[in-house]
Amino acid sequence: MLIFLCSRGPPPRGLPAYGKAANAEASPTIGQTANSCKNLAMHRVVVLALDGVYPFELSIPVRIFGTAAGPDEAPLYEVLTCSVDGGPVRTAADFSVTVENGSEILATADTLVIPPFSCGPQDERVRLPDEVAGIFDRLRPGARIVSICTASYVLAAAGLLDGRPATTHWNEAEHFQRMFPNVKVNPDVLFVDDGEVLTAAGVASGVDLCLYLVRRDHGSEVANRVARLCVVPPWRDGGQAQFIERPVPEPSAATTSETRAWALERLHRPIPLTEMAGRARMSIRTFTRRFRDEVGMTPGKWLIQQRVERARHLLETTDLPVDRVAEEAGFGTGASMRKHLTTIIGVSPTAYRHTFRADASLRRPSKHSAAR
């Protein structure tokens, strides 16, 4: 059987060669967003490939950041991959990766991303690999440090997560917390933003975190376009709690997916829990329990998250007054929206609009308001 994978256009710059042939979202985040990308013209992302790196996670940063472009199609990030010594890196698969940079380029990184790698038995993961010792000292002040999946063990072993909130793959969370008791582990979220240090949960949550950083740096319009081009959702509901192994429900059991889709079309108005449960033909207790099992959060928290995302989109892409944006997003008043945006994304609606205002030629009126 032959399987062909389609790639839009030429591969982004910075992608390592595989072998000899070159180959091409309350909230799942914690913390404030004050450490946004400083140089919006060209931000350098350095990906450190360690021995035994997992190929899928290694490819995430270059695919997401390498796809991000401004209104003039100019790239917003430069993505470079390096190894500790500049030589080929053995992967966890049956091939090696050839990179063109050594760890000396870490000193030029605005963001450092460390994908997970095969590092032996659990008990050996608490020790910082010899080849990694000292790499963080090469980073310049203010550089962001990002781990994907179990690469969080590297950050924890280096002491970078002491006293900080963090996450890792749900299957390793209990062991991780036991080995690093000074880390505030949250096993239920897809990623954690703690300013200059960010950690992603298992495997594909690296996509969520990289998209989140694009959104944080350049706004939801850019991030949503990246998501469309990469054929991934721009924001996944809930956290990794929904992926933790649980008894599989009966095939005939009702789900809340249709009710969630229904609610997304009515964010501009109040949606009480009783109405959502009634829509799903469940009691409030059953609906709430099933909603948490499927999404990883309560219906109320999910609604707030969706309203915040709606408000962010309107602030970026329309000239609607703040009070009207609050109405369209279902917050009712500007004061209520201001409270929720400040709590979740760390800035007021006015400050967010000022930072992430789309180019005037790209702004368009709200389709929702036009429909109404």
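Q: Why does Val 231 count as exposed?
A: Val 231 has a relative accessibility of 73%, and exposed means over 50% relative accessible area, buried under 20% and partly exposed in between, with a 1.4 Å probe and protein chains only, so Val 231 counts as exposed. This is a predicted model, in which local features need pLDDT of at least 70 and side-chain atom pairs count only at pLDDT 80 or more, while totals for chains, interfaces and linings use all residues. Residues are numbered from 1 along each chain as its sequence is written, and side-chain values use heavy atoms, with hydrogens and water left out.

Q: What is the phi of Val 231, and where is this residue placed?
A: Val 231 is not a glycine, yet its phi is positive, at about 55 degrees; its place is the loop between α5 and α6, where helices are DSSP runs of H or I with at least four residues and strands are runs of E with at least two, numbered from the N terminus. Most residues other than glycine have a negative phi.

Q: Why does Arg 281 count as exposed?
A: Its relative accessibility is 77%, so Arg 281 counts as exposed. Arg 281 lies in the loop between α7 and α8, and its phi, near 60 degrees, is a positive value in a residue other than glycine.

Q: How do you know that the buried residues of α6 line one face of the helix?
A: In α6, residues 257–264, the buried residues are Thr 259, Arg 260, Trp 262 and Ala 263. Seen down the helix axis, they fall within an arc of 160 degrees, so they line one face; the arc is that of the directions from the axis to the C-beta atoms. What covers them includes α7 (273–279), α8 (284–295) and α9 (299–317), where contact means heavy atoms within 4.5 Å.

Q: What makes a set of residues a nonpolar core, and which residues have the most contacts inside the largest one?
A: A nonpolar core is a set of buried Ala, Val, Leu, Ile, Met, Phe, Trp, Tyr and Cys residues joined through side-chain atoms within 4.5 Å. The largest has 37 residues, and Ile 64, Phe 65, Tyr 77, Leu 209 and Val 214 have the most contacts inside it. Helix α4 gives the most to this core, with seven residues. Leaving aside residues up to four places away in sequence, Tyr 77 touches several residues, among them Met 42, Phe 65, Leu 213 and Val 214.
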